[in-house]
Amino acid sequence: NVANSLKKSLRAGDIVARWAGDEFAVVLPNATPEQAKAVQRKINDLLPTVSLPDFKKGKAPVNIVRKK
């Protein structure tokens, strides 16, 4: 399960949710930009190990958006 795999890359209190189809949103409350980048790296490292049917194995965009 992709969501459960993503949860393993998150900090306690972070939230992962299916956005649409094979897209997921991750909410990182009170994360600094450095913490968000660290989570992004963990997710990028995780992607080759999970099954994403609509993408080539391990190829999926991971974007960070910061709410101001």
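The structure is a predicted model, in which local features need pLDDT of at least 70 and side-chain atom pairs count only at pLDDT 80 or more, while totals for chains, interfaces and linings use all residues. Residues are numbered from 1 along each chain as its sequence is written, and side-chain values use heavy atoms, with hydrogens and water left out. The chain contains two helices and two strands, arranged along the sequence as α-β-β-α. Helices (H or I, at least four residues) and strands (E, at least two) are DSSP runs, numbered from the N terminus.

**Confidence**

- The mean pLDDT (the predictor's confidence in each residue, from 0 to 100) of the chain is 78, and 78% of its residues reach 70 or more.
- Confidence is lowest in α1, with a mean of 80, and highest in α2, at 87.

**Burial, surface and contacts of the chain**

- Of the 68 residues, 24% count as buried; buried means under 20% relative accessible area, exposed over 50%, and partly exposed in between (1.4 Å probe, protein chains only).
- The chain exposes about 5,200 Å², of which carbon and sulfur atoms supply 53%; accessible areas come from the Shrake-Rupley method with a 1.4 Å probe, and for residues only the protein chains shown count as cover.
- Among contacts (heavy atoms within 4.5 Å) with a separation of 6 or more, 30% join residues 24 or more positions apart.

**Nonpolar core**

- The largest nonpolar core has ten residues: V2, L6, L10, V16, V39, I43, L46, L47, V50 and V62.
- The elements giving two or more residues to this core are α1 (2-7) and α2 (33-46), and α2 gives the most, with three residues.
- A nonpolar core is a set of buried Ala, Val, Leu, Ile, Met, Phe, Trp, Tyr and Cys residues joined through side-chain atoms within 4.5 Å.
- In soluble globular proteins, nonpolar side chains tend to be buried together.
- Leaving aside neighbours within four places in sequence, the core residue V62 is in contact with Q40, I43, N44 and L47.

**Helix α2**

- At 1.5 Å a residue, the 14 residues of α2 should span 20 Å, and its end C-alpha atoms are 20 Å apart, which agrees; the expected span is 1.5 Å times one less than the number of residues.
- A36, V39, Q40, I43 and L46 are the buried residues of α2.
- Seen down the axis of α2, these buried residues fall within an arc of 120°, so they line one face of the helix; the arc is that of the directions from the helix axis to the C-beta atoms.
- The face of α2 turned away from its buried side carries the exposed residues E34, R41 and D45.
- The cover over the buried residues of α2 includes α1 and β2 (23-27).
- Q40, in helix α2, counts as buried because its relative accessibility is 14%.
- Beyond its neighbours within four places in sequence, Q40 is in contact with V62, N63 and I64.

- A3 lies in helix α1 and touches V16 and F24, not counting residues up to four places away in sequence.
- A3 and R18 are 15 residues apart in sequence, and their C-alpha atoms are 7.4 Å apart in space.
- R11 is in the loop between α1 and β1 (15-20), and its relative accessibility of 28% makes it partly exposed.
- Leaving aside neighbours within four places in sequence, R11 is in contact with L28, P29, N30, A31 and Q35.
- R11 and P29 are 18 residues apart in sequence and 9.7 Å apart in space, C-alpha to C-alpha.
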